[in-house]
Amino acid sequence: MGNDLAQHKIESVLLNKFGETLTKGALTWYSLLPEHSINSFDMLVDSFIKAHAGAWKVQAKKADIFRIALGESELLREFVIRFQKERMLLPAVPDEWAAEGFTKGLNPLSSDASQTMKESLLEFQATTLADLHNRYESKIRIEDD
């Protein structure tokens, strides 16, 4: 099947229908575009990608920090060092994400120190890496003893 619409009419339909396909934040973004600021469908697509690509990158960074996990035979001290190294390889990760990722990455079955630390972090959530470090220093003494 073909259509008999001229190219400029196809572009007009694409531009008019695009907004009908959006929801939530994308719809808000679309509704805030200045009137007559988009001259072509390609321009609309480029603008949309620029506006939303950052959000996808942030999600990827958050997912990456949550992949770092304590191994069953890994000591808490080794995990702390590895977590910091792997975190440094990622694009900038907010402190609270790193603290949450570290907590989720602890394996309570691994050692007494990691179990105690995980319980402590679940009871009194750490929001910064400095807080995590202070708690780690106290818990690592358990592992050393």
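In this predicted model, R82 is partly exposed, with a relative accessible area of 25%, where buried means under 20% relative accessible area, exposed over 50% and partly exposed in between, for a 1.4 Å probe and protein chains only. Residues are numbered from 1 along each chain as its sequence is written, and side-chain values use heavy atoms, leaving out hydrogens and water. Because the model is predicted, local features need pLDDT of at least 70 and side-chain atom pairs count only at pLDDT 80 or more, while totals for chains, interfaces and linings use all residues.

A salt bridge is taken as a side-chain nitrogen of Lys or Arg within 4 Å of a carboxyl oxygen of Asp or Glu, and the structure holds three of them. R82 bridges to E74, with the closest N and O atoms 2.9 Å apart, and also to E86, at 2.8 Å. Both R82 and E86 belong to helix 4, where they sit four residues apart, about one turn of the helix; helices are DSSP runs of H or I with at least four residues, strands are runs of E with at least two, and both are numbered from the N terminus. Through shared partners, E74, R82 and E86 are joined into one network. E74 is buried, at a relative accessible area of 14%, whereas E86 counts as partly exposed at 29%. Elsewhere, the side chains of R67 and D64 meet in a salt bridge of 2.2 Å, N to O. Here R67 is exposed at 59% relative accessibility, and D64 is partly exposed at 25%.

Attention now turns to the nonpolar interior. A nonpolar core is a set of buried Ala, Val, Leu, Ile, Met, Phe, Trp, Tyr and Cys residues joined through side-chain atoms within 4.5 Å. The largest such core has 21 residues, and the members touching the most others are L76, F102, L106, M117 and L132. At least two residues of this core come from each of helix 4 (76–89), helix 5 (95–105), helix 6 (112–123) and helix 7 (129–144). Leaving aside residues up to four places away in sequence, L132 touches A98, A99, F102, T103, M117, L121 and A126, contact being heavy atoms within 4.5 Å. A second, separate core of seven residues includes W29, F41, L44 and F48.

Buried in helix 6 are A113, S114, M117, K118, S120 and L121. Viewed down the axis, these buried residues fall within an arc of 165°, so they line one face of the helix; the arc is that of the directions from the helix axis to the C-beta atoms. The face turned away from this buried side carries the exposed residues D112, L122 and E123.

Aromatic rings complete the picture. Rings of Phe, Tyr and Trp (its six-membered ring) pair if their centres lie within 6.5 Å, with planes under 30 degrees apart counted as stacked, over 60 as edge-to-face and the rest as tilted. The count comes to four aromatic pairs. For W29 and F48, the ring centres are 5.4 Å apart and the planes at 70°, so the pair is edge-to-face. W29 lies in helix 2 (residues 24–31) and F48 in helix 3 (residues 41–66), so this pair ties together parts 19 residues apart in sequence. W29 counts as buried at 16% relative accessibility. F79, F83 and F102 form one aromatic cluster.
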